[in-house]
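Subject: A structure for you to look at

Hello,

Here is the structure I promised you. Please open it and keep it beside this email as you read.

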Amino acid sequence: MTDAPAKGLILVVEDERPIADLVRLYLSRDGFGVHVEHDGTAGLAAARRLRPVACILDIALPGMEGTEIVRRLRADGDWTPVIFLTARDDEVDRILGLEMGGDDYVTKPFSPRELVTRVKALLRRAAGPQGGEQAKTLGPVTLDPARRQVTVDGVPLSLTPTEFDLLGHLLKRPGRVFTREELLAGVWGYASAAGTRTVDVHVAQVRAKLGGAASLIRTVRGVGYTADA
């Protein structure tokens, strides 16, 4: 089912129909269009066909898991923001989702209001700054907020919205050490000791994409991370 989008179309892929209906209700109330699928294969086809502004994917889906949907989208060069839903109380599954290119996750049972808030925060980040924020350069890395582009020695990188904002947050104040909790609050918009592993996974992903420039992001043992040439 697809509602006429006002704030943009959100794709929800969730095999538990009561949960899918609840998510659709709350997103629709907030002005989003919503398209719902109940299995992974149909979900991937819908993502490619509809080009939603964001996807909410259950990890455990019939036909194709949510992580595989994201892996295939990213392989196609599709960096649509993704939030995973998971009933699994297993850190491995959550980390795998992030490593595949997810931007955030919510563990069931969850507050539908919190989920909508997470979606809105993610879309704000993906839209970029409203003002004329200047490009930042550190070593061979240049980050242009207005164009939402990162280059290393002039070569563009493909980053998820969250990876982009994490790197941008670190580059705002080179040499300043950010704790994991500060990064959670500044990038994801919430702070929880339970979520600090999310920061570690995203830092690892950004470093992997930076290649030879990865050393610009330095781990400060027992504290957090800094960007420093």
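Below is what was found in it, topic by topic.

**Ground rules**

This is a predicted model, so local features need pLDDT of at least 70 and side-chain atom pairs count only at pLDDT 80 or more, while totals for chains, interfaces and linings use all residues. Residues are numbered from 1 along each chain as its sequence is written, and side-chain values use heavy atoms, with hydrogens and water left out.

**The chain as a whole**

The chain has 8 helices and 12 strands. Both are DSSP runs, numbered from the N terminus: helices are H or I with at least four residues, strands are E with at least two. Of the 229 residues, 52% count as buried. Buried means under 20% relative accessible area, exposed means over 50%, and partly exposed is in between (1.4 Å probe, protein chains only).

Now the contacts, meaning heavy atoms within 4.5 Å. Among contacts with a separation of 6 or more, 58% join residues 24 or more positions apart. The accessible surface is about 10,200 Å², and carbon and sulfur atoms hold 51% of it. Such areas come from the Shrake-Rupley method with a 1.4 Å probe; for residues, only the protein chains shown count as cover.

**The cores**

In soluble globular proteins, nonpolar side chains tend to be buried together. A nonpolar core here is a set of buried Ala, Val, Leu, Ile, Met, Phe, Trp, Tyr and Cys residues joined through side-chain atoms within 4.5 Å.

Which members of the largest core touch the most other members? They are Val141, Leu167, Leu210 and Ile217, in a core of 26 residues. The elements that give two or more residues to this core are strand S7 (141–144), S8, H6, helix H7 (180–188), helix H8 (196–210) and strand S12 (224–227). H6 gives the largest share, 5 residues.

Look at Val141. Leaving out residues up to four places away in sequence, its contacts include Val150, Val152, Leu167, Leu171 and Leu210.

**Cavities and a pocket**

Both terms rest on a 1 Å grid over the protein atoms alone. A cavity is a set of points where a 1.4 Å probe fits but cannot get out. A pocket is an open set with protein on both sides within 12 Å along at least five of seven lines. Lining residues have an atom within 4 Å of a point. Points are joined across faces, edges and corners, and a volume is the space filled by probe spheres set on the points.

There are 2 cavities of 30 Å³ or more. The second largest cavity holds about 30 Å³. Val141, Leu167, Leu210 and Ile217 are among the residues that line this cavity. What kinds of residue make up its lining? The lining has 8 nonpolar residues, no polar and no charged. Nonpolar means Ala, Val, Leu, Ile, Met, Phe, Trp, Tyr, Cys or Pro; charged means Asp, Glu, Lys or Arg; the others, Gly among them, are polar.

The second largest pocket holds about 220 Å³. Its lining divides into 8 nonpolar, 3 polar and 1 charged. Strand S8 (149–152) and helix H6 (161–172) each supply at least two lining residues. Others in the lining include Trp79, Ala126 and Arg148.

Arg125 sits in helix H5 (residues 112–127). Its relative accessibility is 12%, so Arg125 counts as buried. Not counting residues up to four places away, Arg125 touches Arg148, Thr162, Asp165, Val187 and Trp188. The C-alpha atoms of Arg125 and Pro161 are 6.5 Å apart, though 36 residues separate them along the chain.

Thr67 is in helix H3 (residues 66–75). Thr67 counts as buried because its relative accessibility is 7%.

**Backbone features**

Most residues other than glycine have a negative phi, and most peptide bonds are trans. Arg51 has a positive phi of about 50°. Arg51 is in the loop between helix H2 (40–50) and strand S3 (54–58), and is exposed at 55% relative accessible area. Arg148 also has a positive phi, near 55°. Arg148 is in the loop between S7 and S8 and is partly exposed at 22%.

Finally, a cis peptide bond joins Lys108 and Pro109, with omega about -10°. Pro109 is in the loop between strand S5 (104–107) and H5.

Best wishes
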